[in-house]
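Dear colleague,

I am handing over the structure that we talked about, and I would be glad if you could look through it before reading on. My notes on what was found follow below.

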Amino acid sequence: MKKQGPHLASVLPAAIVVFLIAVPLCLGIALGSNAPLFSGLIAGVVGGIFVGWWSGSQLSITGPAAGLAVVVAGGLARLPSYEVFLVAVVLAGTFQILLGRLKAGVVGDFIPNAVIKGMMAAIGIILILKQLPHFFGTDTDYEGDLSFFQPDARNTFSEIWYAAGDIHPGAFFIAILSLGIIAIWRTPRFRQIAMLHWLPGPFVAVLAGVLVNTWWLRNNAEWALEASHRVNLPVPDTLTGWSALFGFPDFSGLTNPRVGWTAPALALVASLESLLSVEAIDRLDSKKRVTPNNRELIAQGGGNIVSGLLGGLPVTALVIRSSANVTYGANSKAAAMLQGVMLLIAVALLPHWLNRVPLACLAAVLIFVGYKMLQNNRLRDIYHKGWSQFIPFLVTAAAIILTDLLVGILIGIGVSAVFVMYKNFHKALLMVHDGNNYLLRFRKDVNFLNKPLVRQTLDSIPAGAYLIIDVSKTDYIDLDVIETINEFLVQAQEKGIQVELKKSATNPQHRHFQQPHLPEVSAAAMAALAGALSKAK
């Protein structure tokens with residue numbers, strides 16, 4: 001049977017929504033990076049078309065990322081010009097391709113599930129919190145900013161407090177209208193209308209907002225939204241003006257040592273954020289497809305090379321736009337590529353029309369996306385999986401909300417590692433006893449972190465006891481632990497403890513054990529220990 005391509009009814013709505021969100025986010029991230037505004041749009045087009053085609057992910061969207069804004073701003077501050085910075089972007093892409101070839105994408109498989117879910121929940125909350133000021137008509141913080149501390153000297157919470165005390169009635173009305181349209185469009189009655197499957201609710205909401213504000217502007221209404229409350233695309237008047245918006249790398253900057261520091265930083269941060277994003281989005285895929293991580297690194301690297309050569313910002317896979325893509329029905333990479341094409345056409349041919357879109361409309365769209373992200377990570381479900389999942393989830397979410405994406409992720413991974421070590425610490429060995437007969441059995445892997453527990457357990461053996469130390473099933477046992485056991489064997493003779501050591505003849509590590517004096521353990525004692533061991537299991 002011939003394989004069918006993606007259905008346009010599932011591709012078009014998702015592409016339209018992602019396109020509408022991408023325009024202000026691309027501009028906002030460029031602004032927050034202290035880079036030329038048009039560089040964000042270049043990165044959005046390259047990420048959509050080029051990376052969308054090359055990537056193995058069916059649902060992720062690529063473009064400029066807020067997580068890279070600090071790295072980009074720092075690189076621009078250290079380097080003599082934006083053109084020299086573009087050399088670092090191209091080199092970063094080259095490093096990413098090399099990482100993909102070296103199979104470094106396996107790093108993404110080591111990120112705990114609780115951290116991924118915490119990241120998704122945190123971004124959902126941040127989306128809602130960060131869009132509330134735009135919802136109220138305060139647009140001082142740039143679109144796409146995910147950091148707790150903002151460039152306008154406020155933080156996420158104080159910005160909301162400030163905006164709530166200075167609500168712009170026109171923006172607030174349009175935001176409420178937009179959110180109402182989006183909500184109505186998701187009701188079962190509207191979903192049953194086949195024609196509306198081609199027309200996403202966010203597009204209708206944006207169109208309504210544009211029409212309302214256009215009427216206000218023409219009638220000089222007090223509620224009219226001026227340019228500072230709308231999308232602000234650069235609009236050159238001439239062909240020369242358009243060409244001036246593109247930048248090209250100054251490869252003489254290859255001799256600048258600061259380029260050599262900036263490029264690896266960009267590559268590592270972009271790679272980590274991309275791996276995190278595709279891991280998270282794969283979990284939202286109803287078809288449970290898995291993105292090949294190494295191919296993703298290569299695709300992202302190629303995207304950064306192309307973006308850098310054209311004057312664009314570095315790109316990564318993006319959680320917010322990818323989540324919107326999934327929410328509005330995308331089932332293949334065609335939606336990602338189509339939104340890239342839409343972005344290219346709109347920037348080239350329709351900038352005046354895009355500049356009529358109120359930011360309040362887009363705030364309503366993003367708030368709904370944030371709500372859907374939270375729905376996919378139910379607190380109760382994660383709580384029922386135990387503290388080892390729930391605590392890292394909460395810590396990751398809180399850390400991301402109160403710092404930024406990458407810092408929060410690293411904190412979450414650290415907390416997850418503590419739980420893993422704690423769990424392995426207490427499960428590395430098992431001791432049972434019956435009367436004065438003891439059995440100490442070691443599990444598959446015993447590392448140096450178990451040394452205190454091993455010493456404490458051995459010290460608890462009373463004088464005159466019979467002890468069997470069974471290490472025959474261990475694949476790995478740290479030399480520090482072996483030395484601790486050997487020290488005990490010497491001490492055991494002084495305390496009158498008879499010890500039998502069971503080890504593997506094929507494990508080369510086990511040759512480091514000293515051979516204790518073999519006691520004559522009675523059959524009754526062995527049977528009692530076997531019974532105690534079966535109860536422990």
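How many disulfides does a search of the whole structure find? The search finds zero disulfides, where a disulfide is a pair of cysteine sulfur atoms within 2.5 Å. For Cys26 the closest cysteine sulfur is that of Cys361, which lies 18 Å away and is therefore too far for a bond. The sulfur of Cys361, in turn, has that of Cys26 as its closest cysteine sulfur, again at 18 Å and too far for a bond. Cys26 is buried, with a relative accessibility of 0%, and Cys361 is buried with 0% as well; here buried means under 20% relative accessible area, exposed means over 50%, and partly exposed is in between, with a 1.4 Å probe and protein chains only.

Please keep in mind that this is a predicted model, in which local features need pLDDT of at least 70 and side-chain atom pairs count only at pLDDT 80 or more, while totals for chains, interfaces and linings use all residues. Residues are numbered from 1 along each chain as its sequence is written, and side-chain values use heavy atoms, with hydrogens and water left out. The pLDDT, which is the predictor's confidence in each residue on a scale from 0 to 100, averages 89 over the protein, and 93% of the residues score at least 70. Over residues 1-5, however, the pLDDT is below 50, and this stretch has zero contacts in the model beyond near neighbours in sequence, a contact being heavy atoms within 4.5 Å.

Next come the helices, which are DSSP runs (H or I, at least four residues), numbered from the N terminus. Helix 13, made of residues 319-327, is mostly covered, since eight of its nine residues are buried. Among them are Val319, Ile320, Arg321 and Asn325. Just after helix 13, Gly329 takes a positive phi of about 95 degrees.

Ser277 is buried, because its relative accessible area is 2%. In helix 19 (residues 405-427) we find Ser416, which counts as buried at 6% relative accessibility and which, with the neighbours within four places in sequence left aside, is in contact with Pro112, Val115 and Pro392.

Most residues other than glycine have a negative phi. Asn34, although it is not a glycine, has a positive phi of about 60 degrees; Asn34 is found in the loop between helix 1 (8-32) and helix 2 (37-54), and it counts as exposed because its relative accessible area is 62%. Asn220 has a positive phi near 55 degrees, lies in the loop between helix 9 (201-218) and helix 10, and is exposed at 70% relative accessibility.

Finally, which residue lies in the loop between helix 10 (239-243) and helix 11 (257-284)? Phe251 has its place there, and Phe251 is partly exposed, with a relative accessible area of 42%.

With kind regards

Terms used:
Helices (H or I, at least four residues) and strands (E, at least two) are DSSP runs, numbered from the N terminus.
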